[in-house]
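I'm opening my notebook for a new structure. I'll jot down what I look up as I go.

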Amino acid sequence: MSDRDDIAERLAELAAAIDARDWDSVRAAFLPDARGYGTDGAEEIVRQVSGHLGACGPTQHLIGNHRITVDGDTARSLTYARVYHCGAGAMAGKFFECMGEYDDRWVRTPEGWRLSSRDFDMRIFLGDFGVFGPAAS
């Protein structure tokens, strides 16, 4: 598999892990000191994303239009995303959908390509942001 194909596969795996709420796989996608989702460190990234989606129902991250540039043991990927979030509980029947582009930086490690940083440029959004938040205690 080429480096480009491997990174595209890592992107798909991360999207599926977020949708499955597989936080161990999400954590493993990032370097321990990575930056993303407005925070630093893989543990904090997982805490941020899981807290954000805690009250949310099912999600689906659709990704495509990959532009991947590899330079030795580092890489950058720009990837379009369309993400649908269903409301749950009191927000059942509501949704939030966003479209934008991930700007990811990668580092080759002995375990494979891992994210060193992730930014999401949300360009279009529809629906009710209220579907997000921590899970009810």
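This is a predicted model: local features need pLDDT of at least 70, side-chain atom pairs count only at pLDDT 80 or more; totals for chains, interfaces and linings use all residues.

Is F95 buried, exposed or partly exposed? I found F95 partly exposed, at a relative accessible area of 29%.

Residues are numbered from 1 along each chain as its sequence is written, and side-chain values use heavy atoms, with hydrogens and water left out.

**Entry: rings**

I looked for aromatic pairs, meaning rings of Phe, Tyr and Trp (its six-membered ring) with centres within 6.5 Å; planes under 30 degrees apart are stacked, over 60 edge-to-face, and the rest tilted. I got 6 aromatic pairs. One of them is Y84 with F95, which is stacked, at 5.4 Å centre to centre and 5 degrees between the planes. Y84 sits in strand β4 (residues 74–86) and F95 in strand β5 (residues 95–109), so this pair ties together parts 11 residues apart in sequence. I took helices (H or I, at least four residues) and strands (E, at least two) as DSSP runs, numbered from the N terminus. Y84 is partly exposed too, with a relative accessible area of 34%.

Next I checked F96 and F129, an edge-to-face pair at 5.3 Å centre to centre and 90 degrees between the planes. F96 is in strand β5 and F129 in the segment after β6 (112–127), so the pair ties together parts 33 residues apart in sequence. F96 is buried at 3% relative accessibility, while F129 is partly exposed at 48%. Ring pairs also join F96, F125, F129 and F132 into a cluster.

**Entry: H61**

Which side chain does H61 meet in a polar contact of 2.6 Å? I found D19. (A polar contact is a pair of N or O atoms within 3.5 Å; within protein, one must be able to donate a hydrogen and the other to accept it, and residues adjacent in sequence count only if both atoms are side-chain atoms.) H61 lies in strand β3 (residues 59–71) and is buried, with a relative accessible area of 13%. Leaving aside neighbours within four places in sequence, I listed its contacts (heavy atoms within 4.5 Å), including I18, R82 and Y102.

Terms used. Buried means under 20% relative accessible area, exposed over 50%, partly exposed in between (1.4 Å probe, protein chains only).
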